[in-house]
Amino acid sequence: MTCKDAIAIMADYLESALSPELVEKLEEHLHDCAPCRAYLATYRKTKSLAADAGRVEMPEEMKTRLRELLLAQLRERR
Amino acid sequence: MSRHSGRVYRLAYGITRNQADAEEIVQDVFLTLVRKGAGFEGHAALTSWMYRVTTNVALNKRRGKRRELEVSLEEHLPTYSEDGHRAGDRSYVLADWSSTPEQAHLSAEARKILENAIDGLPDHYRAVLILRDVEELSNEEVAAILDDSLGSVKSRLHRARMVVREQLTRHLGTRS
């Protein structure tokens, strides 16, 4: 397995979506390849950092405006 | 309502990267919901509808905007030598910043690099990244929301992560 092959299947590897044969080949490659070990570690970390960065909260004043808008809409419909 | 509105906002903001646009989308989605009434069979159908409508409205709103900020994907993907092994400076391809102190990842500067990297992704790549890694939906669910193939979703997700990883490595990799 080359680095190109290894990196191409890292997303599936992290999701346990690879066949046992491919997992074995990838892990053999990782054992011998420091750049791919670094790539996998930083790829995994990137996934968690991007997830953390995306967990934004809706500001309270927006929640209030939404509530008021929907109440007005409901009153109009009655 | 609060849980749903929070989810819609998070997704709308994640795709548009703009608070005012995200607020407008949340309001549109909930006004549509009020007009539709109780037309959903169960919680899953409602959630699925919300994800689909929010994603499509956010992508439409973003269309044509801020293209100048988009990065070239090819410039941020790993490079290989002819034999398929990593090419490039040895210390760079060995850079592993994943276990450096958490403070380094969360420094204002690093946070800005991360935000810019996500912001610079082409819209459909960013949408896939948000739906998969933030909302934690499956590839199949994302493919259904975007009306896209499973292969395309998986490819975009992988490339999006690689592009963001590359930009973080250029910043953090030199410090580890």
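A negative surface patch is formed by A:Glu21, A:Glu24, A:Glu27, A:Glu28 and A:Asp32 in this predicted model. Patches join residues with over 30% relative accessible area and no salt bridge, like charges being linked within 9 Å; a salt bridge places a side-chain nitrogen of Lys or Arg within 4 Å of a carboxyl oxygen of Asp or Glu. One of the patch residues, A:Glu24, is found in helix α3 (residues 20-32) of chain A. A:Glu24 counts as exposed because its relative accessibility is 51%, the cut-off for exposed being over 50%.

Chain B has nine helices and zero strands, where helices are DSSP runs of H or I with at least four residues and strands are runs of E with at least two. The C-alpha trace of chain B spans about 60 × 35 × 30 Å along its principal axes. Of its 176 residues, 51% are buried, that is, under 20% relative accessible area. Among contacts (heavy atoms within 4.5 Å) in chain B with a separation of 6 or more, 69% are between residues 24 or more positions apart.

The accessible surface of chain B is about 8,400 Å², computed by the Shrake-Rupley method with a 1.4 Å probe. Carbon and sulfur atoms account for 49% of this surface. Chain B carries 26 positive and 26 negative charges, whose mean positions lie 3 Å apart; Lys and Arg count as positive, Asp and Glu as negative, and each charge is placed at NZ of Lys, CZ of Arg, CG of Asp or CD of Glu.

Residues are numbered from 1 along each chain as its sequence is written, and chains are lettered from A in the order in which they are written. Local features need pLDDT of at least 70, side-chain atom pairs count only at pLDDT 80 or more, and totals for chains use all residues, while side-chain values use heavy atoms, without hydrogens and water.

Key:
Patch = residues over 30% accessible without salt bridge, like charges linked within 9 Å, V, L, I, M, F, W, Y side chains within 5 Å. Buried < 20%, exposed > 50% of the residue type's maximum accessible area, 1.4 Å probe, protein only.
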